[in-house]
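Open your viewer and get ready to select some residues. We will go from stop to stop, and at each one you will hear what to pick and what is there.

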Amino acid sequence: MFQTFDSAGDPAVGKPRVAQLRQWLAEHGLDGFLVPRADEHQGEYVADRSARLKWLTGFSGSAGVAIVLRDRAFIFVDGRYTLQVRGEVDLSIFTVESLVDNPPASWIKDNLGKGARLGFDPWLHTIGEIKALKASAEQSGATLVPLDRNPIDIIWTDQPEPPRAPVEIHPQNRAGELAKDKLKRLAGAIEKDGATHAVLTDPSSIAWAFNIRGGDVPHTPLALGFAILAADSKHQLFMDQRKFPRQVAAYLTQLADPHDPGEFEAAIVALAKDGAKIALDPVLAAEKLRMLVEDNGGTVVLAADPARIPRATKNQAEIAGSRAAHRRDGAAVAKLLCWLDRQKPGTLDEIAVVTKLEEVRRQTGEETQMPLRDVSFDTISGAGPNGAIMHYRVSRATSRKLESGELFLLDSGGQYQDGTTDITRTVPIGQPSEEMRERFTLVLKGMIGISTLRFPAGTRGSEIDAVARVALWKHGCDFAHGTGHGVGSYLAVHEGPQRIARTGTEKLLAGMMLSNEPGYYKEGAYGIRIENLILVTPAEKIEGGDIAMHGFETLTLAPIDKRLIRTDLLHRDELQWLDRYHARVLAEIGPMVDGETLAWLEKATAPLPHDAKI
């Protein structure tokens, strides 16, 4: 499962491919072309066939876009990939730009000349994205030109075939609700939005609604396809039917009319010509869908994907599955941390730890008859200064030894049929400095603050994000990422719309799963992040209070390294929370380990001395 991110050094990447693209643009009267790191579904991961940005530039990161003009070329990446992009992309061809500080929607306004024609593939950009890009282009006098065919697909002569991994039925005891009942709920939501139909473009929503899972993209059990749901429940599913074993085909035929993907456009056109009101999510749906509907007389209803909130609010079966997955995953992490403690500083590198962690996850899954299906994302394994790169991806070129006096940051997760996990632990290699211990404790205070928070119904993630930062702020520190993202149920580890961040505008509802991961990063020195997954609990009255309050249940079960904690910086209730958490870790995963790991776990979860001043 382990992947590295070294540039392949393929001489065909970069210059010759850009030259081919420029020749095509010149032949078709275009001055440039947008190449996003995206497919028709706007997911975090794309199939090999859709890795157009990587094919053209060599860049393998999960977020980015290139703009190729006739005489210049640019690649836009965010801060996670500042180092990676320079190791993978030919900088004599591409100029690196910030996807955050100067995104294409801003760059176009300042850099495209009057009359310039910039081509784009309307299947690879959302309705909202194209609206912003068009506004920017108009300010510079340029024009965005939608293309019928993607020129990359034309010049990429050995482009892989679309993925065709088998589809499986997600069992009722894991899903917690029959697909026919989910689809009935969604039909009602479509009618409430004033639409006759809604297009599901997000494979996570299709997987949830139809209770299926697949394997078309890395790390997330998705089957790529589209669905048209109808208010009158005459649903249609567009997916390569060669993916369907006989039992799955019979099952899906009871829920929707099955069609091949090649029939999708025609189906949209037919509905539009009949005057359908088709709901499209402007954040998720391709601009091409808007064009097909409006160009054929239909009405676009801009509305959120109707499955997003139901999918985000987990039912009791999904919650029970997640608890079980986290016990199993916690046992695996404990085995890894115990093993890591026994290694001499300087003998391991970052890749060795990733390999060992995947080994113990697989082993623990086999022992408990719930196998590890995949890692839930590419493991972040950062020693010393690499840990300060917030979303570092280890490569053979960058892998460092775990040296004495440094911190090691390990962010990882697993995909199991009963749940998706995501955990970060930071550990000292040898003796940590007092600064490291202070900053770690400030991060821990923020994590505990979120863990113990109570909040009224209607609270949004943006309204509680500061709780994770207050202790750091008091010391003149902060972290440049959100505090938490949503998490799926044997689905995407990064799931919207819920999140704890300055931009977290969605209300936090009972049953939503999120990460709780404050951090601190000292460039060139070390990184600290502590991450648990948490579950929003139903609102309950507080004794003596006036209104019911939601809270969080911590799902993740693994020790937090006590060697990095300054207990004098913790309040008494913070120490008590930590001791109760560690007691629970021992009680729940202790029976799943033995020998050296159990002895290590007992020591790692023993109560801390209570020398708090308050």
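Start by selecting H170, in the loop between β7 (168-169) and α7 (172-175). Keep in mind as you look around that this is a predicted model. Is H170 buried or exposed? With a relative accessibility of 3%, H170 counts as buried, because buried means under 20%. Now show what surrounds H170: leaving aside neighbours within four places in sequence, its contacts are A175, N211, I212, R213, Q417 and Y490.

**Two helices side by side**

Next, colour helix α8 (residues 179-192) and helix α9 (residues 203-210). Two packed helices are described by the angle between their axes and the distance between the axes. For α8 and α9, the angle is about 120 degrees and the axes are 7 Å apart. That angle makes α8 oblique to α9. To see the contact itself, show A179, K182, L183, R185 and L186 on α8, then W208, A209 and F210 on α9. Sorted by class, this contact has 6 nonpolar, no polar and 2 charged residues.

Move on to α16 and helix α19 (residues 572-589), whose axes come within 11 Å and cross at roughly 80 degrees. Here α16 is roughly perpendicular to α19. Which residues make the contact? From α16, select L444, K445, M447, I448 and S451; from α19, select E574, W577 and L578. This contact of α16 with α19 divides into 5 nonpolar, 1 polar and 2 charged residues.

**Aromatic rings**

Now display the side chains of the aromatic residues. How many aromatic pairs are there? The count comes to 10 aromatic pairs. Zoom in on W123 and F226: their ring centres are 6.0 Å apart and their planes are at 45 degrees, so this pair is tilted. W123 sits in the loop between β5 (117-120) and α5 (127-140), while F226 belongs to strand β10 (residues 226-230), so the pair ties together parts that are 103 residues apart in sequence. W123 is buried at 15% relative accessibility, and F226 is buried too, with a relative accessible area of 10%.

Another pair to visit is F455 with F552, which is also tilted: 5.1 Å from centre to centre, with 40 degrees between the planes. F455 is in the loop between α16 (434-451) and α17 (461-464), and F552 is in strand β27 (residues 548-554), so this pair ties together parts that are 97 residues apart in sequence. F455 counts as buried at 2% relative accessibility, and F552 counts as buried at 10%.

**A tryptophan and an asparagine**

Select W339, which is in helix α14 (residues 316-341). W339 counts as buried, at 14% relative accessibility. Not counting residues up to four places away in sequence, W339 touches L348, A352, V353 and K356. For a sense of scale, draw a line from the C-alpha of W339 to that of A47: the two residues are 292 residues apart in sequence and 35 Å apart in space.

Then jump to N102, in the loop between β4 (95-98) and α4 (104-111). N102 touches F76, E97 and W107, again not counting residues up to four places away in sequence. N102 and F76 are 26 residues apart in sequence, and their C-alpha atoms are 8.3 Å apart.

**Backbone details**

Switch to a view of the backbone and find G496 and P497, which are joined by a cis peptide bond with omega of about 5 degrees. P497 lies in strand β22 (residues 495-500).

Two glutamines come next. Q42, in the loop between β1 (32-36) and α2 (52-57), has a positive phi of about 60 degrees although it is not a glycine. Q42 is partly exposed, with a relative accessible area of 24%. Q369, in the loop between α15 (350-367) and β15 (374-375), likewise has a positive phi of about 60 degrees without being a glycine. Q369 is exposed, with a relative accessible area of 64%.

**Last stop: cysteines**

A disulfide is a covalent bond between the sulfur atoms of two cysteines. How many disulfides does this model have? The count comes to 0 disulfides. Finish by selecting C338, buried at 2% relative accessibility, and C477, buried at 9%.

Conventions: Residues are numbered from 1 along each chain as its sequence is written. This is a predicted model: local features need pLDDT of at least 70, side-chain atom pairs count only at pLDDT 80 or more; totals for chains, interfaces and linings use all residues. Side-chain values use heavy atoms; hydrogens and water are left out. A disulfide is a pair of cysteine sulfur atoms within 2.5 Å. Buried means under 20% relative accessible area, exposed over 50%, partly exposed in between (1.4 Å probe, protein chains only). Axes are lines fitted to C-alpha atoms, for helices over the stretch in contact, and angles run from 0 to 180 degrees between N-to-C directions. Helices (H or I, at least four residues) and strands (E, at least two) are DSSP runs, numbered from the N terminus. Angles under 35 degrees count as roughly parallel, over 145 as roughly antiparallel, 65 to 115 as roughly perpendicular and the rest as oblique. Contact means heavy atoms within 4.5 Å. Ala, Val, Leu, Ile, Met, Phe, Trp, Tyr, Cys and Pro count as nonpolar, Asp, Glu, Lys and Arg as charged, and the others, Gly among them, as polar. Rings of Phe, Tyr and Trp (its six-membered ring) pair if their centres lie within 6.5 Å; planes under 30 degrees apart count as stacked, over 60 as edge-to-face and the rest as tilted.
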